[in-house]
Amino acid sequence: MSNVTDSFDPIRDALRAMPVPEPHPGFVDRAIENASEAAPPVPRRRWRAVTSRREVWWGAVVGALAAALAIVAVLPREAVDRGTSDVALALNESREISVVIEAERELTDARIRIHVTGGVELAGFADQPQVEWTATLVQGANVLALPVYARLPGEGRLVAVVEHGGRTKRAVVDLHVVEVSTTGRTTESQRGSRNA
Amino acid sequence: MPKVRSSEAAEFDRLLRDHIPALYRYAYRWTGSVERTEDLVQELLTRLFPQLPQLRRIERLRPWAVRVMYRIFVDELRRNRRSPIQYVGASGVAGSAGDDEDLEVADEAEAPPDLADRAMLQERIVAAWAGLLEEHRVVLSMHDIEGYSLEETAEIVGVPLGTVKSRLHRARTRLRQLLVEGTNSAARACRLVGDSER
């Protein structure tokens, strides 16, 4: 019987020797700089600028869909300014995260992108950390009810982005998935960082 | 006046810069185009920067980043696939039917006779590579070129181990077919040139 694995060796060697062209000059510097300028990890200042334009603003709230509209109205002002919310989930828990988009006028063909990282996934989209679609936002509150599932313990994040007319707005929900031991005590994750 | 960088930007640079050439190399093998590769790497970095607090705690950043980049790549492919017609893979089976079969990664096909000629093989492999499905390029590049284990490749691609094995098997088979087809067309071209010169 021939050794079929060995028969692939010359092809594998040729694959490894395949040339990869260099990126355009200065690409690495530019890419790092663009990334650093595009989305600061501490979005306080950026969020304030977003809300000051008042075309669209977001509130990220947690709760039942039915209560979402009311929650927007009572959402603490500082939570809106900060642009982030914190949510704690138990491991294997499903929870609906309601994200409210407030539009001052109707916006057609708004691009909505939901991105989840960490040990959390959008329920029903196990292999898709990102879901994207186009929608028309009505004037006033637009509620997205996003069911999330806490798959692994650790830190996670849900980022909702809406793009319209060249403008981009983001809302961030930090998700903390904690294990609940049989004694009912929570434990910190050691695995979460490798599974984002 | 020089730009003042935030401490977060400097830390992001320190964490990621050394990995970018490898990420670029992987992305190029998946996409086959410098422009798409640069877009992909840029999108990856843009998405990673807001996750800086998480990046600090990741022990093996490169495979983690490759996994994120692969997700972006797949999302991009899905967006770009406008045709409702399902892709027919090298085996002739539409979609991923049979992907979960726990196949051994081995190939029954004989290598084309003149593949022993390494110079010729090297010349043809680039064209054959361009004819592969993206999902086949990904598994071949991660496992056969970069040396990730099957388990690591499965983790990066986010599919079961059996699926990676069957995908790799199909990818290798298809690559061989393309190399043989390339060899045959080259031979036909030689004959035609020969005929016309008579």
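A residue counts as buried if 20 or more other C-beta atoms lie within 10 Å of its own, exposed if 12 or fewer, and partly exposed in between, with C-beta atoms placed from the backbone. By that rule, 37% of the 198 residues in chain B are buried. Do keep in mind that this is a predicted model, where local features need pLDDT of at least 70, side-chain atom pairs count only at pLDDT 80 or more, and totals for chains, interfaces and linings use all residues. Residues are numbered from 1 along each chain as its sequence is written, and chains are lettered from A and ligands numbered from 1 in the order in which they are written.

**The overall plan**
- Chain B has 9 helices and 0 strands, where helices (H or I, at least four residues) and strands (E, at least two) are DSSP runs numbered from the N terminus.

**Helix H2**
- H2 of chain B covers residues 20–31.
- Its buried residues include B:Leu23, B:Tyr24, B:Ala27 and B:Trp30.
- Just after H2(B) comes B:Gly32, with a positive phi of about 75°.

**Where H7 meets H8**
- Helix H7 (residues 134–145) and helix H8 (residues 150–157) of chain B pack at about 140°, an angle taken between N-to-C directions on a scale from 0 to 180 degrees, with axes fitted to C-alpha atoms over the stretch in contact.
- H7(B) and H8(B) are therefore oblique to each other, since angles under 35 degrees count as roughly parallel, over 145 as roughly antiparallel, 65 to 115 as roughly perpendicular and the rest as oblique.
- In contact terms (C-beta atoms, placed from the backbone, within 7 Å), B:Val138, B:Val139, B:Met142 and B:His143 in H7(B) meet B:Leu150, B:Thr153, B:Ile156 and B:Val157 in H8(B).

Note on methods. Contact = placed C-beta atoms within 7 Å. Expected span 1.5 Å × (residues − 1).
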